[in-house]
Amino acid sequence: MQEAKAVLMLKLRRIGISNKEILTCIESLDRSDFVSKSFLDQCLEDIALPIDCGQTISQPSLVALMTQQLEIPQRSKVLEIGTGSGYQTAILARLSSRVYSIERYKTLADMAKKRLEKLNISNVTILLQDGFLGYAPQAPFDRIILTAAVEEIPSLVISQLKVGGIMIVPVGLPNQKQSLLKVVKNEKGLDITELMSVRFVQMKEGLVKA
Ligand code: SAH
């Protein structure tokens, strides 16, 4: 177990994760708390794994890369769309002051809530909602991250990003290559950089109350 963790940490450094807080966070967080029992033996491998409701927990190196690209300042308010297992949520919680995380499956939202409570993470609010709407009551946000792919940047969500804020979002058509975009909002508009090719589950409209 220890050895597998060391291998993962080495890989993160090799791919350019230099942010010490992120490295410490991933090192101290137990991914086994976020996967089902049947995948425990693979939880330290740098791979995405299936979770309930046909979704996936992202690959740790991708979680680290996306988090580093978010450049989260201290005392910031972060919106995450696609809670899933809550693994990325737990990392965001340690790096910011407040996280609002939206999930469309009640099962996943409930499970993530319990996991975060068990880890004594208390600065996260998990919301059972349609992420396409963002979360107007707490807007604007300093940072926004989408962990499911969209065909185009959702207009309501980007409207909830502060000027000077950063959003990380996978964009692509279903079953096609997706690009991970870094979107910086400035006074004149959006500054968009393509970071890499990725493969995420597609974001879907509406809630699943089971
Ligand atoms: N970061 C998560 C990744 C989960 S996969 C993890 O590492 O565990 C993406 C998640 O986005 C899934 O749980 C899926 O149910 C959720 N999702 C898809 N469409 C959504 C929507 N419209 N609103 C909120 N969540 C959505």
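Two strands count as paired if DSSP finds at least two bridges between them. Helices (H or I, at least four residues) and strands (E, at least two) are DSSP runs, numbered from the N terminus. This is a predicted model, where local features need pLDDT of at least 70 and side-chain atom pairs count only at pLDDT 80 or more, while totals for chains, interfaces and linings use all residues. Residues are numbered from 1 along each chain as its sequence is written, and side-chain values use heavy atoms, with hydrogens and water left out.

I will start with strand S3, residues 77–81. Four of its five residues are buried (under 20% relative accessible area; exposed is over 50%, partly exposed in between; 1.4 Å probe, protein chains only). S3 runs parallel to strand S4, residues 98–103, with five bridges, and parallel to strand S6, residues 141–146, with four. Take Leu 79: its bridge partner in S4 is Tyr 100, and in S6 it stands opposite Ile 144.

S3, H4 and S4 form a right-handed β-α-β unit; right-handed is when, with the strands pointing away from the viewer, the path from the first strand over the helix to the second runs clockwise. In the loop between H4 and S4 sits Ser 96. Is Ser 96 buried or exposed? Buried, at 10% relative accessible area. Its side chain reaches the backbone oxygen of Leu 92 at 2.8 Å. Leaving out residues up to four places away in sequence, Ser 96 touches Ile 72, Ser 76, Val 78 and Asn 123, contact being heavy atoms within 4.5 Å.

Next, helix H2, residues 20–28, whose buried residues are Ile 22, Leu 23, Cys 25 and Ile 26. Those residues fall within an arc of 165° seen down the axis, so they line one face of H2; the arc is that of the directions from the helix axis to the C-beta atoms. Their cover includes helix H1 (2–14), helix H3 (60–70) and helix H4 (87–95). At the N-terminal end of H2, Asn 19 is the cap, with a side-chain oxygen 2.9 Å from the backbone nitrogen of Glu 21.

How values were computed:
Polar contact = N/O pair within 3.5 Å; in protein donor to acceptor, adjacent residues only side chain to side chain.
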